[in-house]
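Take a moment with the sequence and the 3D view.

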Amino acid sequence: MNIIAFFNLKGGVGKTTSAVNIAWQAANQGLPTLLWDLDPQGAASWLLQCKNKNKAGPRKLLSGKTAIGELVRHTDYPLLDIIPADFSFRQLDLELARADSGDDQLARLLAPFSEHYSLIILDCPPSFSLLSEQVFAAAEAIYIPIIPSHLSLRTFEQTRDFFKENDLKAKRLHGFFTMADRRRSLHRIMLSHPPKMLRHGLKTVIPYAAVVEKMGLARAPLAEFASSSPVNKAYEALWQEIKATL
Ligand SMILES: Nc1ncnc2c1ncn2[C@@H]1O[C@H](COP(=O)(O)OP(=O)(O)OP(=O)(O)O)[C@@H](O)[C@H]1O
Ligand SMILES: [Mg+2]
């Protein structure tokens, strides 16, 4: 079982869009896949039309009173399951601090899934928190969507510095460009001369495309309603690259 995460300190850069489309790609290729929507905003759950029906809060989950398997829902797509976001999980950070049992609590929660799933994808909220530290410990690879702008690169740098300061392997961080718009000169410059800090980055560039916004209308991954669009093809290529890094 591989555990990967989509993370960026910066909001609105394409974490959820990427997590949902990559999850669909993986499942479509025959890998039993679980997407955990860790963001109380619940965008991934909403896009996949799944709600959390279990009222158990994070305290019961962390103490083992609620088995994590009870939170799993099937999506409309074969081999793709989800743990939907639950608003009560906004307190996950507080409960992690309260439980105070090391930075591998998330990894331990996920361990029982190893028999059921080949791939677990964590869709993270845009913040540094105890939860993100747990994600950094649990995920073998962390994919960071970056809009080709200086501000976006800065948040990548902050994450990389956090890894270095905390003796985490920065090689596990893989940046990739999203929402790239070649009509914009800064985007063109960054794409043709990617900064050195992205040397472990992925080569696939996700273009800016209006059809992505339609995921909210269709409430479905791109492949389900715009399979021949260039942006869906880019996600297919991104998945091939991600698969190769695992
Ligand atoms: N390649 C793209 N082209 C055009 N729009 C995009 C693209 N990728 C994402 N978007 C749009 O940008 C917005 C933010 O995307 P998304 O929700 O995936 O970002 P996020 O990083 O998960 O945000 P948050 O930090 O709030 O969780 C959404 O409205 C989404 O439809
Ligand atoms: Mg998101």
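How many nonpolar, polar and charged residues does the shell around ligand 1 have? The shell has eight nonpolar residues, six polar ones and three charged ones. Keep in mind that this is a predicted model.

Now look at who makes up that shell. In total, 17 residues surround ligand 1. The closest are K15, T16, T17, P207 and A209. Find the pocket, too: ligand 1 sits in the largest one. Two elements give two or more residues to the shell, namely helix 1 (15–28) and helix 9 (210–213). Helix 1 provides the largest share, with three residues.

Next, zoom in on single atoms. Start with the oxygen atoms of the ligand. A backbone N or O atom of G12 lies 3.0 Å from an oxygen atom of ligand 1. A polar backbone atom of V13 is also 3.0 Å from an oxygen atom of the ligand. Then turn to nitrogen. Here a polar backbone atom of P207 is 2.9 Å from a nitrogen atom of ligand 1. How much of the ligand does the protein bury? Taken alone, ligand 1 exposes 640 Å², and the protein buries 82% of that.

Leave the ligand and turn to the empty space. Rolling a probe the size of a water molecule over the atoms shows where such space is left. The structure holds two cavities of 30 Å³ or more.

Take the largest cavity to begin with. About 50 Å³ of space lies in it. Its lining includes W36, D37, L38 and D39. I83, P84, A85, D86, F89 and L92 line the largest cavity as well. Which classes do these residues fall into? Seven are nonpolar and three are charged, while no polar residue takes part in the lining of the largest cavity.

The second largest cavity holds about 40 Å³ of space. Its lining residues are L62, L92, L96, Q105, L106, L109, L131 and Q134. Three helices each supply at least two residues of the lining of the second largest cavity: helix 4 (92–99), helix 5 (105–110) and helix 6 (130–138). Helix 5 gives the most, with three residues. By class, the lining of the second largest cavity has six nonpolar residues, two polar ones and no charged ones.

Conventions:
Residues numbered from 1 in each chain as written. Chains lettered and ligands numbered in written order. Predicted model: local features only at pLDDT ≥ 70, side-chain atom pairs only at ≥ 80, totals over all residues. Heavy atoms only, no water. Near = heavy atom within 4 Å. Polar contact = N/O pair within 3.5 Å; in protein donor to acceptor, adjacent residues only side chain to side chain. Areas by Shrake-Rupley, 256 points an atom, 1.4 Å probe, with all protein chains shown as cover. 1 Å grid on protein atoms, 1.4 Å probe; cavity = no way out; pocket = protein on both sides within 12 Å on 5 of 7 lines; lining within 4 Å. Sits in = over half its atoms within 2 Å of the grid points. Helix = DSSP H or I, 4+ residues; strand = E, 2+ residues; numbered from the N terminus. Nonpolar A, V, L, I, M, F, W, Y, C, P; charged D, E, K, R; others polar. Points joined across faces, edges and corners; volume = space filled by probe spheres on them.
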